[in-house]
Amino acid sequence: MNSFIMMAVTMKSSENTAKTVLRTLNASEIAPGMRLQYYEHAAMDRAHHKFTALLGALPLVDKAAFSCLLEQICQEAKEHFEQEERFMLTTEFDQYKAHKAEHDALLLLLDDQRNSLNAGHQPDAVGLQLKLCHWQDKHQQEWDYPLADFLRCRASWLGEGTGI
Ligand SMILES: [Fe+2]
């Protein structure tokens, strides 16, 4: 795959009017962990793919849209984590505490970003994307795959209609 991506960014022209132009990302700006994963668990797949799409939009937005996108990412992460935590509690999954601690750490990171933005600091959308993609990739390997495997196996033992 080509290591360069053309993307739209909003810049000011000499007349001080906003217009959309293309720029090229270099390889270091492309998050290496940015890819779709499949768990073969419908609810987890849907949530992860939506979250990945939001992360993919990070370098594309201007400063005004960044705050709106950050809010969407926070909301999506919160809902997605609550869903996984409900699955773990309902099934008495034994890694609940450690898995939830990982979720809480990311929510704290997102809160820090929101506070920094509210304090008037310039957002670093590409830096945030790299951080979130790295977290997501690691989290998926270490925590979400084992959970999805457990849920799939449990569903196959109990049959349809378990609701999870
Ligand atoms: Fe998770």
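The average pLDDT of the protein is 81, and 75% of the residues score at least 70; pLDDT is the predictor's confidence in each residue, on a scale from 0 to 100. The model is predicted, so local features need pLDDT of at least 70 and side-chain atom pairs count only at pLDDT 80 or more, whereas totals for chains, interfaces and linings use all residues. Residues are numbered from 1 along each chain as its sequence is written.

**Confidence along the chain**
- Among the elements, helix α3 (residues 96–118) has the highest mean pLDDT (96) and strand β1 (residues 5–12) the lowest (44).
- Over residues 1–14 the pLDDT stays under 50, and the model has 25 contacts beyond four places in sequence for them; two residues are in contact if their C-beta atoms, placed from the backbone, lie within 7 Å.
- Where pLDDT is low, predicted coordinates should not be read in detail.

**Overall architecture**
- The protein has four helices and two strands, where helices (H or I, at least four residues) and strands (E, at least two) are DSSP runs numbered from the N terminus.
- Their pattern along the sequence is β-β-α-α-α-α.
- Of the contacts with a separation of 6 or more, 64% join residues 24 or more positions apart.

**Burial and nonpolar cores**
- Of the 164 residues, 17% are buried; a residue is buried if 20 or more other C-beta atoms lie within 10 Å of its own, exposed if 12 or fewer, and partly exposed in between, with C-beta atoms placed from the backbone.
- The largest nonpolar core has 11 residues, including Leu55, Phe66, Ile73 and Cys133; such a core is a set of buried Ala, Val, Leu, Ile, Met, Phe, Trp, Tyr and Cys residues joined through C-beta atoms within 7 Å.
- Helices α2 (63–91) and α4 (125–158) each supply at least two residues of this core, and α4 gives the most, with five residues.
- A second, separate core has seven residues, among them Ala47, Phe87, Met88 and Leu147.

**Helix α1**
- The buried residues of α1 are Met44, Ala47, His48 and Leu55.
- Seen down the axis of α1, these buried residues fall within an arc of 95 degrees, so they line one face of the helix; the arc is that of the directions from the helix axis to the C-beta atoms.
- These buried residues pack against α2 and α4.
- Ala42, Arg46 and Ala53 are exposed on the face of α1 turned away from its buried side.
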